[in-house]
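Subject: Handing over the model

Hi,

Here is the structure I promised to pass on to you. Please have a look at it first, and then read my notes below.

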Amino acid sequence: MAARGRPKSDEKRRQILDAAAELFTGQGYERTSLEQVAVEAGVSKQTIYNNFPSKEALLRTCILRRCEEANIAGEDLDFSLPPEQFLPLFAERFISTLTEAQPVAMYRLVMAESERHPEVGEAFYESGPKPVVTALADYFERATARGELAVDEPMMAATQYLFMIKGFTVDMALVGIAEEARPFPTDRYVQHCTDLFLRANAVA
């Protein structure tokens, strides 16, 4: 008896998303048409519409898929760890994911297109940063309830911590500065940010 393969509908959806991600990051959102995606994916344009109602929905799904693959805020994170252990682990996953080639290309796309197409920026925020910030804010609430931190505004604190980390590591990747050419090692920078954050939100 032959083994079952991936359902055709799932396979076509994967082909569409792979093609769209390559075209969006390679030539931009505006210059990418659904006709081009159909040709690249080897499907009909109607097949795309059967899966995605619009180009914006297709982009949103591309971003969400990448975020789910990265699993930055995944269920395997141990929210019971104390902050001095949890935060470096969270930061390491955050940085390693966002500095890979595909996320860097996607981020550049969002920065280039969001002024003319606000839906691009909205799709990126809703599918990428928002779930990550929300997960970290949830951790801060739990840690504060356990008496390990004193965080009054978890969403603001999560945003501050992530932007401290991103401000150096991700921006260096965006402009193509290699690790060895940076003024200090990434792990040292992350630890310094973590220490600053923990001191600022320590229990009195």
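**Salt bridges and their surroundings**

Lys45 has a relative accessibility of 31% and counts as partly exposed; here buried means under 20% relative accessible area, exposed over 50%, and partly exposed in between, with a 1.4 Å probe and protein chains only. Before going further, please note that this is a predicted model, in which local features need pLDDT of at least 70 and side-chain atom pairs count only at pLDDT 80 or more, while totals for chains, interfaces and linings use all residues. Residues are numbered from 1 along each chain as its sequence is written, and side-chain values use heavy atoms, with hydrogens and water left out.

Lys45 forms a salt bridge with Glu35, and the closest N and O atoms are 2.5 Å apart. A salt bridge here is a side-chain nitrogen of Lys or Arg within 4 Å of a carboxyl oxygen of Asp or Glu. This pair links distant parts of the chain, ten residues apart, with Glu35 in helix α2 and Lys45 in helix α3 (residues 45-51). Helices (H or I, at least four residues) and strands (E, at least two) are DSSP runs, numbered from the N terminus. Glu35 is partly exposed too, with a relative accessible area of 41%.

The search of the whole structure finds eleven salt bridges. One of them joins Arg65 to Asp18, with the closest N and O atoms 2.8 Å apart. That pair also links distant parts of the chain: Arg65 is in helix α4 and Asp18 in helix α1, 47 residues apart. Arg65 is partly exposed at 21% relative accessibility, and Asp18 is partly exposed at 31%.

Glu56 and Arg60 form another salt bridge, with the closest N and O atoms 3.3 Å apart. Because they are four residues apart in helix α4, about one helical turn separates Glu56 from Arg60. Glu56 has a relative accessible area of 28%, and Arg60 has 27%. Salt bridges that share partners also join Glu11, Arg14, Asp18 and Arg65 into one network.

**The chain as a whole**

The chain has ten helices and zero strands. Its C-alpha atoms fill a box of roughly 60 × 45 × 35 Å, taken along the principal axes. Of the 204 residues, 41% count as buried. Contact means heavy atoms within 4.5 Å; among contacts between residues at least 6 apart in sequence, 66% join residues at least 24 apart.

**Cores**

Which residues touch the most other members of the largest nonpolar core? They are Ile16, Phe24, Val37, Ile48, Leu58, Leu59 and Cys62, in a core of 30 residues. A nonpolar core is a set of buried Ala, Val, Leu, Ile, Met, Phe, Trp, Tyr and Cys residues joined through side-chain atoms within 4.5 Å. Two or more residues each come from α1 (8-27), α2 (34-41), α4 (55-70), α6 (101-113), α7 (118-127) and α9 (154-174). The largest share, seven residues, comes from α1. Apart from this core lies another, of 29 residues, including Leu77, Phe79, Leu149 and Ala157.

Leaving out residues up to four places away in sequence, Ile16 touches Val37, Ala41, Val43, Thr47, Ile48, Asn51, Phe52 and Leu58.

Helix α8 (residues 129-145) packs against α9 at an angle of about 120 degrees, with their axes 8 Å apart. Axes are lines fitted to C-alpha atoms, for helices over the stretch in contact, and angles run from 0 to 180 degrees between N-to-C directions. Where they meet, α8 contributes residues including Val132, Leu136 and Phe140, and α9 contributes residues including Pro154, Ala158 and Leu162.

Val170 lies in helix α9 and is buried, with a relative accessible area of 4%. Not counting residues up to four places away in sequence, Val170 touches Leu98 and Thr99. Val170 and Phe94 are 76 residues apart in sequence and 9.6 Å apart in space, C-alpha to C-alpha.

Thr186 belongs to helix α10 (residues 186-200) and is buried, at 12% relative accessible area. Beyond its neighbours within four places in sequence, Thr186 is in contact with Ile95, Phe168, Thr169 and Glu179.

Best wishes
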